[in-house]
Amino acid sequence: MNRIGVFTSGGDAPGMNAAIRAVVRAGIFYNKEIVGIYRGYEGMIEGDFEEMDVRSVANILQRGGTMLKSARSKEFRTPEGRKKAFEQLKKHNIDGLIGIGGDGSFTGMHHLFLEHGLPYICIPGTIDNDIPGTDYTIGYDTATNTAVEAIDKIRDTALSHNRLFFIEVMGRDSGYIAISSGIAGGAVSIIIPEEETSIDELVEKLNRGGKKKKTSSLVIVAEGGKSGSAMEIAQKVKEKSSYFDTKVTILGHLQRGGTPTYFDRVLASKMGVAAIEGLDQGKTDVMVGIRHHDIIFNKFDDIMNQPKDIHKDDLRIAKILSI
Ligand code: F6P
C-alpha cells in the first residue's frame with residue numbers, strides 16, 4: 001500500500017486533529033503518500049482531496065475541531081454514492097483509507113470495503129464514547145472535562161440561589177458523558193438512556209435532600225433518554241413538587257469544541273500510528289481500539305452488532321455517593 005487517504009467524518013471531536021497529524025506523520029515515516037480528504041464522505045464523493053506533508057499538520061495537535069472538516073453524508077449511504085466515492089479514490093490512486101469518526105463512519109467504510117474491496121482502518125473519534133471495542137473514543141475525555149467545568153460553574157450559582165438545576169449533556173443514545181460528568185460534578189441524580197428513571201423516585205430523592213437542609217441540587221440528564229429532555233423532566237418534576245426553584249441548562253455543542261486534553265492527544269497519537277502500522281501489516285475492515293492501555297484491532301462484524309454498555313460500577317458508585 002503506497003497512497004493512503006485520511007478523512008474525518010460525523011460529529012467533530014476534540015483530538016481529531018491530533019489523530020490526523022499522527023496518521024500523516026506515521027505515514028510519511030513509513031514512506032507512504034498521504035492524501036487528505038476534506039468534508040468526510042461528501043468530499044470523497046466530490047474529489048475534494050489534497051496531498052499532505054509533515055508541515056500540513058504543524059500546529060494542529062492542540063487544536064479542537066478538525067482541519068479536514070467533517071460532514072454527515074446522505075449520498076454515501078447509497079451504493080451509487082459509494083461508487084462515486086470509489087471512482088474518485090481510484091482516480092487519485094488511493095489504495096487504502098483511514099477514517100476518523102463514529103459508528104456511521106465505520107459502517108460507511110465497511111460497505112465501501114465489501115462493495116469495492118478498498119482496505120481501510122477506522123479510528124474511533126466521537127465525544128459519545130458509544131463504540132464497542134474500545135475503552136475510550138477520541139474526544140470523550142475532553143468533552144467530559146468541558147461538561148464538568150460547566151457543572152462546577154452552575155453549582156456556584158445554584159448554591160447562591162438555593163436552586164435545583166437540570167443540566168443536559170450530549171451523548172446521543174449513550175450515557176457515558178452524563179455518568180462521568182455526574183460523578184465528577186457531584187450530581188444528586190444522573191439520568192441516562194441505559195436506565196429507566198422514575199420521576200416519582202427522583203422527586204422523592206430531591207424532597208429527602210430538602211428535608212436534610214440540602215439547599216441546591218444538580219441533576220445531570222443525558223440527551224436521548226427515554227424519560228425525555230432536561231426541559232421535559234424539569235417540567236414533570238415541577239408538576240409533582242413546587243418545593244424547588246428550578247432551572248435548566250443545555251450544554252449542547254459547547255462539549256464538542258476546545259483544546260483536547262493530554263489524554264485525548266495521546267490516545268489520538270497512539271491510534272493514528274497504529275492505523276498506519278495496521279494497514280501496512282495488511283489489516284483491514286477493522287477499528288483500532290484501546291483496552292487497558294493496549295492498542296487492539298477489532299473486526300467490524302465482531303463489534304458492530306453489540307451495544308456498548310455503561311460500566312456497571314460507575315452506576316453503583318454514582319448511587320452510593322448521591323445519598
Ligand atoms: O455524536 C456526537 C454528537 O455531538 C452527539 O452527542 C449529538 O447527539 C450529535 O452529535 C449532534 O449532532 P449535530 O452536530 O449534527 O447536531
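A residue counts as near a molecule if one of its heavy atoms lies within 4 Å of that molecule. By that rule, the ligand here is surrounded by Arg72, Thr126, Ile127, Asp128, Met170, Gly171, Arg172, Glu223, His253 and Arg256. Keep in mind that this is a predicted model, where local features need pLDDT of at least 70 and side-chain atom pairs count only at pLDDT 80 or more, while totals for chains, interfaces and linings use all residues. Residues are numbered from 1 along each chain as its sequence is written, and side-chain values use heavy atoms, with hydrogens and water left out.

Sorted by class, the shell around the ligand holds two nonpolar, three polar and five charged residues. Here Ala, Val, Leu, Ile, Met, Phe, Trp, Tyr, Cys and Pro are nonpolar, Asp, Glu, Lys and Arg are charged, and the others, Gly among them, are polar.

| Side chain | Distance to a ligand oxygen atom |
|---|---|
| Arg72 | 3.0 Å |
| Glu223 | 2.5 Å |
| Arg256 | 2.7 Å |

Taken alone, the ligand exposes 400 Å², and the protein buries 72% of that (Shrake-Rupley areas, 1.4 Å probe).

Now for the pockets. A pocket is an open set of points on a 1 Å grid over the protein atoms alone, where a 1.4 Å probe fits and protein lies on both sides within 12 Å along at least five of seven lines; lining residues have an atom within 4 Å of a point. The ligand takes up the largest pocket, meaning more than half of its atoms lie within 2 Å of the grid points. That pocket has a volume of about 500 Å³. Of its 27 lining residues, Gly10, Gly11, Arg72, Gly104 and Arg172 are the closest to the centre. Helix H4 (residues 103–116) gives the most to this lining, with six residues.

The second largest pocket has a volume of about 400 Å³. Its lining has 20 residues, with Asn129, Asp135, Tyr136, Tyr176 and His311 the closest to its centre.

Key
A polar contact is a pair of N or O atoms within 3.5 Å; within protein, one must be able to donate a hydrogen and the other to accept it, and residues adjacent in sequence count only if both atoms are side-chain atoms. Grid points are joined across faces, edges and corners, and a volume is the space filled by probe spheres set on the points. Helices (H or I, at least four residues) and strands (E, at least two) are DSSP runs, numbered from the N terminus.
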